[in-house]
Amino acid sequence: GDYIVRSSAKMRSLVERVRSAGCGRRWIVWGTGQLTLKLLQTAAFEGSKIDVFVDSNPAHHGRRLAGIPIAAPSADLDPSLPILVASTINATSI
């Protein structure tokens with residue numbers, strides 16, 4: 001019970017932070033795991049555009065998620081775009 005309430009509150013807060021930071025903005029989203037999948041099911045990216053997903057897993061490179069390409073970390077990315085690190089487990093190493 002309490003874990004679910006805290007988890008839901010954290011997710012709502014994250015969605016609102018991403019949404020307010022990204023309104024009208026283009027993004028690079030680093031990570032294609034559980035957190036990214038959850039964010040895509042919310043209004044987090046409403047009013048903004050994800051240009052590319054980046055993932056370190058070579059099995060994902062060249063594929064698409066929600067119609068958006070998934071690239072390797074070594075890809076030639078637009079340095080002017082903000083990067084959203086959508087990983088709680090690997091955030092420090094990314």
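Tutor: Two strands count as paired once DSSP finds at least two bridges between them. Keep that cut-off in mind. The model is predicted.

Student: What makes S3 and S4 a pair?

Tutor: Two bridges join S3 to S4. The cut-off is at least two, so the strands pair. They run antiparallel. Within the pair, Leu65 stands opposite Ile68. S3 covers 64-65 and S4 covers 68-71.

Student: Which residue in the hairpin of S3 and S4 takes a positive phi?

Tutor: Ala66, with a phi near 55°. The hairpin has two residues between its strands. Ala66 has this positive phi although it is not a glycine.

Student: Why is Ala66 called exposed?

Tutor: Its relative accessibility is 61%. Exposed means over 50%, so Ala66 qualifies.

Student: How do you know which strands are at the edges of the sheet?

Tutor: Read the order: S3-S4-S2-S1-S5. The sheet is open and has five strands. S3 and S5 (83-85) each pair on one side only, and these are the edge strands.

Student: What does the chain pass through between S1 and S2?

Tutor: Helix H2, residues 34-40. This β-α-β crossover is right-handed. The term applies because, with the strands pointing away from the viewer, the path over the helix runs clockwise.

Student: Now helix H1. How do you know its span is close to the expected one?

Tutor: H1 has 21 residues. From its first C-alpha to its last it reaches 30 Å, and 30 Å is expected at 1.5 Å a residue.

Student: Which residues of H1 are buried?

Tutor: Met11, Val15, Val18 and Gly22. Buried means under 20% relative accessible area.

Student: Why are they said to lie on the same side of H1?

Tutor: They cover an arc of only 70° around the axis, which puts them on the same side. An α-helix has 3.6 residues a turn, so residues three or four places apart point the same way.

Student: What covers that buried side, and what sits on the face turned away from it?

Tutor: The cover includes S1, H2 and S5. The face turned away carries exposed residues: Asp2, Val5, Lys10, Arg12, Arg17 and Ser20. After H1 comes Gly24, with a positive phi near 75°.

Student: What makes a set of residues a nonpolar core?

Tutor: The residues must be buried and nonpolar, joined through side-chain atoms within 4.5 Å. The largest such core has 16 residues. Among those with the most contacts inside it are Val29, Leu39 and Phe53. H1, S1, H2, S2 and S4 each supply at least two residues. H1 gives the largest share, three.

Student: Which residues does Leu39 contact, leaving aside its neighbours within four places in sequence?

Tutor: They are Met11, Leu14, Val15, Ala44, Phe45, Leu84 and Ala86.

Student: Which residues make up the second core?

Tutor: It is separate and has six residues, including Trp30, Val52, Val54 and Leu81.

Technical notes:
Residues are numbered from 1 along each chain as its sequence is written. This is a predicted model: local features need pLDDT of at least 70, side-chain atom pairs count only at pLDDT 80 or more; totals for chains, interfaces and linings use all residues. Side-chain values use heavy atoms; hydrogens and water are left out. Helices (H or I, at least four residues) and strands (E, at least two) are DSSP runs, numbered from the N terminus. Buried means under 20% relative accessible area, exposed over 50%, partly exposed in between (1.4 Å probe, protein chains only). Contact means heavy atoms within 4.5 Å. The expected span of a helix is 1.5 Å times one less than its number of residues. The arc is that of the directions from the helix axis to the C-beta atoms.
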